[in-house]
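User: I'm new to this one and would like a quick tour. Can we take it one question at a time?

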Amino acid sequence: MIHPTAIIASGAKLHPSVTVGPYSVIGEHVSIGAGTTVAAHVVLEGRTEIGSFNQIFQFASIGAVPQDLKFKGEESTLKIGDRNRIREFTTIHLGTEDGGGVTTIGNDCLLMAYSHVAHDCIVGNHVILANAATLAGHVQVDDYAILGGLSAVHQFTRVGCHVMASGGSMIAQDVAPFSIVQGDRAKTVGLNTTGLKRRGYNDDALATIKRLYKLVFRSNLKLEEAITTIETEFDLNASVVATYLNFLKSSERGLAR
């Protein structure tokens, strides 16, 4: 299961079912769960924890030190969940002390070729980063978000759940859940209705999401006024309302409106 040309440090922890291809290098503090496959010429280093049944394709570089001038070699980690597909030339970096020390990727994500996840990012579940999509440091991407090819997300920005970012989007402000954004600098242009239907959202939920969207993005209300209106006129027990409201109230960079 391990090619004889692979170099694996004595302290690395690999489940017996892990496959490692030719000329891959696995560092001292790396752990890999059951069923994960590591192709040829992959470098896994740092304090990196990789879960089960991941596919890591050739030439990926995972667990390298951050591209952050403030990083002084402090102990930090990278945690990757289960069933992710990490394609060719993807780069994922360790966290930093300033960002909590951990970079995190959830489960069932697809990171296409040349995508980049920088230090201290938090990537949720079922996220897709298309070819050459780039996350700067301290970015949060919530579940089921899709970032198109050659898109980029500014430091400390959050991308909400079920967001679709068009190819080439330059995202410098927070993107509200369920939205479609595009452009440089990216603006919200609509709702990801097709994606939501594919994921089982019913007509009532979609109608509520459309009301929320129109209130925030198509009215003349300031964001604070929109939040107050949501709190008084919507059912706060509805999951889509709670998700939307919590996102708006926690936004620090302002919305890409």
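User: Is R47 buried, exposed or partly exposed, and what is its relative accessible area?

Analyst: First, a note: this is a predicted model, where local features need pLDDT of at least 70, side-chain atom pairs count only at pLDDT 80 or more, and totals for chains, interfaces and linings use all residues. Residues are numbered from 1 along each chain as its sequence is written, and side-chain values use heavy atoms, with hydrogens and water left out. Buried means under 20% relative accessible area, exposed means over 50%, and partly exposed is in between (1.4 Å probe, protein chains only). R47 falls in that middle class, so the answer is partly exposed, with a relative accessible area of 31%.

User: Which residue does R47 meet in a salt bridge?

Analyst: A salt bridge here is a side-chain nitrogen of Lys or Arg within 4 Å of a carboxyl oxygen of Asp or Glu. For R47 the N to O distance is 3.6 Å. The pair links distant parts of the chain, 28 residues apart: R47 is in strand 8 (residues 47-50), while its partner sits in the loop between strand 10 (61-64) and strand 11 (77-80). Helices (H or I, at least four residues) and strands (E, at least two) are DSSP runs, numbered from the N terminus.

User: How far apart are the closest N and O atoms of D108 and R83?

Analyst: D108 is in the loop between strand 14 (102-105) and strand 15 (110-111), and R83 is in the loop between strand 11 and strand 12 (85-86). D108 counts as partly exposed at 26% relative accessibility, and R83 counts as partly exposed at 42%. The two form a salt bridge, with their closest N and O atoms apart by 2.8 Å.

User: How many salt bridges does the count come to?

Analyst: Besides those pairs, D184 and R185 meet through their side chains at 2.6 Å, N to O. D184 counts as exposed, at 58% relative accessibility. By the salt-bridge rule, the count comes to 7.

User: How many residues are in the largest nonpolar core?

Analyst: A nonpolar core is a set of buried Ala, Val, Leu, Ile, Met, Phe, Trp, Tyr and Cys residues joined through side-chain atoms within 4.5 Å. In the largest one, L44, I56, I62, I92, V117, L135 and L147 touch the most other members. Apart from it lies another core of 25 residues, among them A176 and L196. The largest core has 41.

User: Is H116 buried or exposed?

Analyst: H116 is found in strand 16 (residues 116-117). Leaving aside neighbours within four places in sequence, H116 is in contact (heavy atoms within 4.5 Å) with Q67, T91, H93, A133, T134 and L135. Its relative accessible area is 12%, so H116 is buried.
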